[in-house]
Amino acid sequence: MQQAKFSLSPPLVEFLNDYKRFGFKDKSAMVQAALQRLEEQLALQQLQQSANLYAELYEEEAELPELTETALTGWPE
């Protein structure tokens, strides 16, 4: 596994030092879990923004709802 060097504020260092209290085997496991969660949240946020953009476009274009209904004709419900 690769290593990385970074700096943390004193409150974050104190928080990280409590890794055992949160059920982590070491500081590295705690940082990895936090970064994985952040990555998932950012991906979800990006997906939500994309969905919002599509919804906005769908509302603005009058032909899209009709086109969608036509495309769905014959599909199982």
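**Entry 1: the start of α2.** I began at D26, which caps the N-terminal end of α2. I noted that a side-chain oxygen of D26 lies 3.3 Å from the backbone nitrogen of S28. I record here that the model is a predicted one.

**Entry 2: the length of α2.** I then followed α2 along its course and counted 34 residues. From the first C-alpha to the last, α2 reaches 49 Å.

**Entry 3: α1 against α2.** How do the axes of helix α1 and helix α2 cross? I found that the axes of α1 (residues 10-17) and α2 (residues 27-60) come within 9 Å, with a crossing angle of roughly 110 degrees. I class the pair as roughly perpendicular, because angles of 65 to 115 degrees fall under that heading.

I next looked up which residues make this contact. On the α1 side I listed F15, L16 and N17; on the α2 side, K27, M30 and V31. Sorted by class, the contact of α1 with α2 has four nonpolar residues, one polar and one charged.

**Entry 4: the whole chain.** I turned last to the overall fold. The protein chain holds three helices and zero strands, and I read its pattern along the sequence as α-α-α. The radius of gyration of the protein chain is 23 Å, well over the 11 Å given by the globule rule for 77 residues, so I describe the chain as more spread out than a compact globule. Along the principal axes, I noted that its C-alpha atoms fill a box of roughly 60 × 30 × 25 Å.

Note on methods: Residues are numbered from 1 along each chain as its sequence is written. This is a predicted model: local features need pLDDT of at least 70, side-chain atom pairs count only at pLDDT 80 or more; totals for chains, interfaces and linings use all residues. Side-chain values use heavy atoms; hydrogens and water are left out. Axes are lines fitted to C-alpha atoms, for helices over the stretch in contact, and angles run from 0 to 180 degrees between N-to-C directions. Helices (H or I, at least four residues) and strands (E, at least two) are DSSP runs, numbered from the N terminus. Angles under 35 degrees count as roughly parallel, over 145 as roughly antiparallel, 65 to 115 as roughly perpendicular and the rest as oblique. Contact means heavy atoms within 4.5 Å. Ala, Val, Leu, Ile, Met, Phe, Trp, Tyr, Cys and Pro count as nonpolar, Asp, Glu, Lys and Arg as charged, and the others, Gly among them, as polar. The expected span of a helix is 1.5 Å times one less than its number of residues. A polar contact is a pair of N or O atoms within 3.5 Å; within protein, one must be able to donate a hydrogen and the other to accept it, and residues adjacent in sequence count only if both atoms are side-chain atoms. The radius of gyration is taken over C-alpha atoms; the globule rule is 2.2 Å times the number of residues to the power 0.38.
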